[in-house]
Amino acid sequence: MKSVKELDVFKLAHEMALEIYGITRNFPEEEKFGLTSQMRRAAYSVPMNLVEGANRLNSKEYRQFVGVAKGSAAEVGYQLRLARDLGYIDHDTCQTNQISYDRICQMLTKLAKSLE
């Protein structure tokens with residue numbers, strides 16, 4: 001089996017975590033401990049849970065962490081919409097990043113099924 005860091009879903013999730021850090025860098029100062037912090041935590045939660053799950057003792061535990069990662073990816077999807085509606089990001093930035101997070105969710109579903 002491949003190392004988790006070699007999986008396409010891990011690579012995309014890591015890339016998107018970096019993207020979210022860049023996007024939130026321009027958020028208003030009053031969001032520093034609000035949406036900025038929450039989006040960043042949810043974004044890096046995806047690859048972090050993949051790494052932690054892959055290093056558990058069995059596939060059942062790994063699968064649980066994949067589920068947590070999927071929840072975090074979906075959370076970022078909503079946070080992007082919220083940021084757009086608050087005027088912090090434009091429509092194109094929101095849509096492009098939501099597509100990536102939708103793709104991550106699909107990939108995580110496939111990974112979870114492979115661990116059954």
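Student: Which residues does Gln-79 touch, leaving out those up to four places away in sequence?
Tutor: Leu-35, Gln-38, Met-39 and Ala-42. Contact here means heavy atoms within 4.5 Å. Keep in mind that this is a predicted model, where local features need pLDDT of at least 70, side-chain atom pairs count only at pLDDT 80 or more, and totals for chains, interfaces and linings use all residues. Residues are numbered from 1 along each chain as its sequence is written, and side-chain values use heavy atoms, with hydrogens and water left out.

Student: Okay, and is Gln-79 buried or exposed?
Tutor: Gln-79 is buried, at a relative accessible area of 5%. Buried means under 20% relative accessible area, exposed over 50%, partly exposed in between (1.4 Å probe, protein chains only).

Student: Which helix is Gln-79 in?
Tutor: Helix α3, residues 59-85. Helices are DSSP runs (H or I, at least four residues), numbered from the N terminus.

Student: Switching to α2: where's the kink?
Tutor: At Ser-45, shortly before the proline Pro-47, and it's about 35 degrees. That bend is the angle between axes fitted to the seven residues ending there and the seven starting there.

Student: What do the buried residues of α2 pack against?
Tutor: They pack against α1 (8-24), α3 and α4. Among those buried residues are Leu-35, Met-39 and Ala-42.

Student: New topic: where does Ser-100 sit?
Tutor: Ser-100 is in helix α4, residues 91-114, and is buried with a relative accessible area of 18%.

Student: And what does Ser-100 touch, not counting residues up to four places away in sequence?
Tutor: Leu-12 and Met-16.

Methods. Helices (H or I, at least four residues) and strands (E, at least two) are DSSP runs, numbered from the N terminus.
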